[in-house]
Amino acid sequence: MRDVNADSQRVTTTAAGRLAVPAGILAAVAGAFAYVGAVDPNEPGHYPVCPLLRVTGLYCPGCGGLRSAHAFVHGDLLTALHANALAVTGYLLFAVLWTVWVVRAARGRPLRIDLRPVALWSLGASVLVFTVVRNLPFGGWLHP
């Protein structure tokens, strides 16, 4: 005779185990966003200056990311996009991938991200183009 309670507890434990890692990742990301939302990066002295910007005067792909996250947390999407449009795209992409991950984990299916080399090269080229354009005179609208 099967113990129904033991089976249901095993299924619950397994489901909880499958959701533990996505929940931990969400907690870490939420904590980081909460910190950046509380400690304004627009005020000097709270965060280090980008070393590339300090040494060369050029904006890296991450420059303005903290200001972007701060504005995003406060619901100011236009300011977040102006500070770093690539970062906002990353926030939204993370939210979609995390949601897919949780749904698949709840159903007992692994998350498989099979990026082909062309996708990786395209991503790298996009980041490179973003970085170059934001440092050219006509790319001033991408400056943080």
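A pocket is an open set of grid points where a 1.4 Å probe fits, with protein on both sides within 12 Å along at least five of seven lines. In this predicted model, the second largest pocket holds about 190 Å³ of space, and the largest pocket about 360 Å³.

**Pockets**

| Pocket | Volume | Lining by class |
|---|---|---|
| Largest | about 360 Å³ | nine nonpolar, five polar, two charged |

Sixteen residues line the largest pocket, and P48, V49, C50, L66 and R67 are the ones nearest its centre. Helix α3, spanning residues 65-73, gives the most to this lining, with three residues.

The second largest pocket is lined by L26, V29, A30, F33, F72, G90, Y91, L92, F94, A95 and W98. Two helices, α1 (4-38) and α5 (85-106), each supply at least two residues of that lining. The largest share, six residues, comes from α5.

**A buried arginine**

R134 sits in helix α6, which covers residues 117-135. The residue is buried but has no salt bridge, and D40, the nearest side chain of opposite charge, is 16 Å away. A salt bridge would need a side-chain nitrogen within 4 Å of a carboxyl oxygen. A polar atom of the R134 side chain does lie 2.6 Å from the backbone oxygen of C60.

Methods. Residues are numbered from 1 along each chain as its sequence is written. This is a predicted model: local features need pLDDT of at least 70, side-chain atom pairs count only at pLDDT 80 or more; totals for chains, interfaces and linings use all residues. Side-chain values use heavy atoms; hydrogens and water are left out. On a 1 Å grid over the protein atoms alone, a cavity is a set of points where a 1.4 Å probe fits but cannot get out, and a pocket is an open set with protein on both sides within 12 Å along at least five of seven lines; lining residues have an atom within 4 Å of a point. Grid points are joined across faces, edges and corners, and a volume is the space filled by probe spheres set on the points. Helices (H or I, at least four residues) and strands (E, at least two) are DSSP runs, numbered from the N terminus. Ala, Val, Leu, Ile, Met, Phe, Trp, Tyr, Cys and Pro count as nonpolar, Asp, Glu, Lys and Arg as charged, and the others, Gly among them, as polar. Buried means under 20% relative accessible area, exposed over 50%, partly exposed in between (1.4 Å probe, protein chains only). Lys and Arg count as positive and Asp and Glu as negative; His and the chain ends are not counted. A polar contact is a pair of N or O atoms within 3.5 Å; within protein, one must be able to donate a hydrogen and the other to accept it, and residues adjacent in sequence count only if both atoms are side-chain atoms.
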